[in-house]
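Hi,

Here is the structure I said I would pass on.

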Amino acid sequence: MLHDRVLVRTDIPEGERRSSGGIVIPATAAVGRRLAWAEVVAVGQNVRTVEVGDRVLYDPEDRAEVEVRGVAYVLMRERDLHAVAAERLEGADDSTGLYL
C-alpha cells in the first residue's frame, strides 16, 4: 500500500438486504445516500489514524474497487473515511470505541 491509502473489505455483499422487521429489500430498490461499514485489511505508510483490523465507515458511492485473488476490496484515501470503530479505544476511560 502506498502513501495515505486504505484497503478495506466490505461487511456485507451488495444485493438483497433485510430490514430489522424481516422485510426483504431487493437490490434494485432505490435507497437514499447511505454510509457503509468495512474492515481495514491494509494501510499505507502515511496513514495515521487507522490500523489493520479496525472497522471504518465510508461512502460506498466514492470508492474504487479492486479484486485480489478473487476477493473484492475497496481502495480509498484515509481522508475519505467518516468514522473508525476500534477495539483498542474501548479500554480507555470515557471511550465509546468510536471516533469521528
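**What I found**

Going along the sequence, the pattern of the protein reads β-β-β-β-β-β-β-β-β. That makes nine strands and zero helices. Bear in mind that this is a predicted model.

On confidence: the mean pLDDT of the protein is 79, and 72% of the residues reach at least 70. Of the elements, strand β4 (residues 36-43) has the highest mean pLDDT, 91, while strand β9 (residues 98-99) has the lowest, 54. Where pLDDT is low, the predicted coordinates should not be read in detail.

Some overall numbers next. The protein has 100 residues, and 24% of them are buried. Its accessible surface is about 7200 Å², with 49% of that belonging to carbon and sulfur atoms. If you take the contacts with a separation of 6 or more, 60% of them are between residues 24 or more positions apart.

Now to the strand pairing around β4. Strand β1 (residues 5-10) runs antiparallel to β4, and five bridges join the two. Within that pairing, Val 6 sits opposite Val 43 in β4. β4 also pairs with strand β5 (residues 55-58), again in the antiparallel sense, over four bridges. There, Glu 39 is opposite Arg 55 in β5.

The part I'd like you to look at is on the surface. Which residues form the nonpolar patch there? They are Met 1, Val 66, Val 68 and Leu 75, and together they have about 280 Å² of accessible area.

Two of these I checked one by one:

- Val 66 belongs to strand β6 (residues 64-68). Its relative accessibility is 34%, so Val 66 counts as partly exposed.
- Met 1 lies in the segment before β1. Because its relative accessible area is 40%, Met 1 is partly exposed too.

Both values clear the cut-off for patch residues, which is over 30% relative accessible area.

Met 1 also has contacts beyond its sequence neighbours. Leaving out residues up to four places away in sequence, Met 1 touches Val 6, Leu 7, Ala 42, Val 43, Gly 44, Gln 45 and Leu 75. Leu 75 is 74 residues from Met 1 along the chain, and their C-alpha atoms are 9.7 Å apart.

Cheers

Conventions:
Residues are numbered from 1 along each chain as its sequence is written. This is a predicted model: local features need pLDDT of at least 70, side-chain atom pairs count only at pLDDT 80 or more; totals for chains, interfaces and linings use all residues. Side-chain values use heavy atoms; hydrogens and water are left out. Patches are made of residues with over 30% relative accessible area and no salt bridge: like charges are joined within 9 Å, nonpolar side chains (Val, Leu, Ile, Met, Phe, Trp, Tyr) within 5 Å. Accessible areas come from the Shrake-Rupley method with a 1.4 Å probe; for residues, only the protein chains shown count as cover. A salt bridge is a side-chain nitrogen of Lys or Arg within 4 Å of a carboxyl oxygen of Asp or Glu. Buried means under 20% relative accessible area, exposed over 50%, partly exposed in between (1.4 Å probe, protein chains only). pLDDT is the predictor's confidence in each residue, from 0 to 100. Two strands pair if DSSP finds at least two bridges between them. Contact means heavy atoms within 4.5 Å.
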